[in-house]
Amino acid sequence: MAGGPTIALALEGQLRLDDQPALHRALALARQRGGRLLVLACRPQAQRLRGPHQRRLEAQALAALHARLAAAGIPLLAFPQHTTAAALAELRPLVQPEAVLQAEESRLFDTWPVAAERFPLVFSPFRRGLERDPEPPLPPPDLAGLGNAWDELPRSWLAPPVAPGAGSDDRSAFPFPGDEPTALARLQHYLFGSSGLRDYKATRNGLVGTEFSAKFSPFLGVGALSVRRIWQEVLRYQALHGADEGSEWMKQELLWREFFLWSEQKHGAAFHAPGGLQQRPPDWVEDRERFVRWTRGDAGHPLVDAQLSELLATGYLSNRGRQWVASHFVNELRLPWIWGARFFEWALIDAHPALNTGNWAYLAGVGSDPRSFGGAPRRFDLERQVGLYDPERQHLRLWGRSSLEPAAPALP
Ligand SMILES: Cc1cc2nc3c(=O)[nH]c(=O)nc-3n(C[C@H](O)[C@H](O)[C@H](O)COP(=O)(O)OP(=O)(O)OC[C@H]3O[C@@H](n4cnc5c(N)ncnc54)[C@H](O)[C@@H]3O)c2cc1C
């Protein structure tokens, strides 16, 4: 098939076909102009610190998407370290796109859900002040008829990327590959194929296994899943089973995600500043040695060490585990919360700057925790916490230091 004008779509970290408004626009434009579509997988605009676990997931999502687009004759060129501008600079000597469209991050709302000038510092008034319902998702588009020859592109650019295998630790609470079909299958399983969503409120503070929470965040983090698709499926679940506690709580958590995304957009650099949105003066000790030991999984408390060894081995950590680690980091080790947040951004399989900073700042008492305004950060009593959330010490047995030591030889 002949060339025609090239329409380029830059995915900017959104590695899926489902609910991709920019893909629909790009396809419509290519068809309208009798042109062809080229897809670029570039990193999002904001600088992000991706560690090995998230990069593995991203490579899996990319390989699967490459195969699906290639089947329709649409090339997907991988520029994982490039911004869109840098990728276009590499491309232009070979192909000059007539138009470049950029995919947007998946959010429930297209525009401010609460007016920017009234956007609150804390979550409850945000939730109460929501001015409309989330936008519905778009279906995956029809890709037919855009297949093309791409002789001007080097073969090595068109070659399928290598999909890395699964993570090697079979204790992982997130043992899934990061591709879109797996993400959609997980969504269906959690909502309709198990009692996951129904029981979510009761189980969400769990620490071990795949089923205590939804495990959507790693897929959201690499853009393999749309948050609008999740929301719509939760509504479908509620239409079938009623608005039970589990499904209502899930909506609330998805709104927390939204709150932090829009809050970062409102406050910009201040959102990530050491003094946080409360502009607190620093109250910590810059003990580098203590911090380095912590990054190696040695925080000096067995319950926290077990959480850190799970994080280092798999990149996933339960929400409760993250809270324990961050609270201990701030209150007991008295280290600067931004150091911990930066390390999490590298280590987490679902790292997202706004969600990570928002949660760390909350726990450090400089962000959107209403209790911390004018007071101290909340402090978790770990012994009490473990009694509440892991009375059998299942997590400690799975991830505690002794679990890493070779088993003692059996006595004769
Ligand atoms: C210190 C700390 C750092 C964090 N860093 C990140 C991060 O970098 N990226 C990230 O996605 N989440 C982060 N979280 C939020 C939360 O821990 C994870 O989203 C959740 O554990 C992911 O597992 P899940 O999908 O099974 O969660 P579920 O409990 O099943 O929740 C469903 C979805 O709701 C959203 N959600 C749940 N809890 C939160 C929350 N506290 N804040 C914002 N959204 C939430 C997520 O999109 C999640 O996928 C952090 C929390 C803490 C305490």
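The model is predicted: local features need pLDDT of at least 70, side-chain atom pairs count only at pLDDT 80 or more, and totals for chains, interfaces and linings use all residues. Residue numbers start from 1 along each chain as its sequence is written.

**Domains**
- The domain assignment, which is automatic or from a database, gives domain 1 (1-104), domain 2 (106-136 + 177-267) and domain 3 (288-404).
- The centres of domain 1 and domain 3, taken over C-alpha atoms, are 36 Å apart.
- Eight residues from domain 1 and nine residues from domain 3 take part in the contact; two residues are in contact if their C-beta atoms, placed from the backbone, lie within 7 Å.
- On the domain 1 side, the residues touching domain 3 are three nonpolar, three polar and two charged. Here Ala, Val, Leu, Ile, Met, Phe, Trp, Tyr, Cys and Pro count as nonpolar, Asp, Glu, Lys and Arg as charged, and the others, Gly among them, as polar.

**Strands 2 and 3**
- Helices (H or I, at least four residues) and strands (E, at least two) are DSSP runs, numbered from the N terminus.
- Strand 2 (residues 36-42) pairs with strand 3 (residues 76-79) in the parallel sense over four bridges; pairing requires that DSSP finds at least two bridges between the strands.
- Val 39 has Leu 76 as its bridge partner in strand 3.

**Nonpolar cores**
- A nonpolar core is a set of buried Ala, Val, Leu, Ile, Met, Phe, Trp, Tyr and Cys residues joined through C-beta atoms within 7 Å. A residue is buried if 20 or more other C-beta atoms lie within 10 Å of its own, exposed if 12 or fewer, and partly exposed in between, with C-beta atoms placed from the backbone.
- The largest nonpolar core has 89 residues, of which Leu 9, Leu 11, Leu 37, Val 39, Leu 40 and Ala 41 touch the most other members.
- Helix 2 (residues 52-71) contributes the most to this core, with seven residues.
- Another core, of eight residues, lies apart from it and includes Val 114, Phe 126, Phe 260 and Leu 261.

- Nine of the 11 residues of helix 16 are buried, among them Trp 360 and Tyr 362.
- These buried residues pack against helix 10 (245-267), helix 11 (269-272), helix 14 (319-332) and helix 15 (337-347).
- Gly 365 lies in the loop between helix 16 (353-363) and helix 17 (382-389), and its phi is positive, near 75 degrees.
- Gly 365 is buried because 23 other C-beta atoms lie within 10 Å.
- Leaving aside neighbours within four places in sequence, Gly 365 is in contact with Ser 372, Ala 376 and Pro 377.
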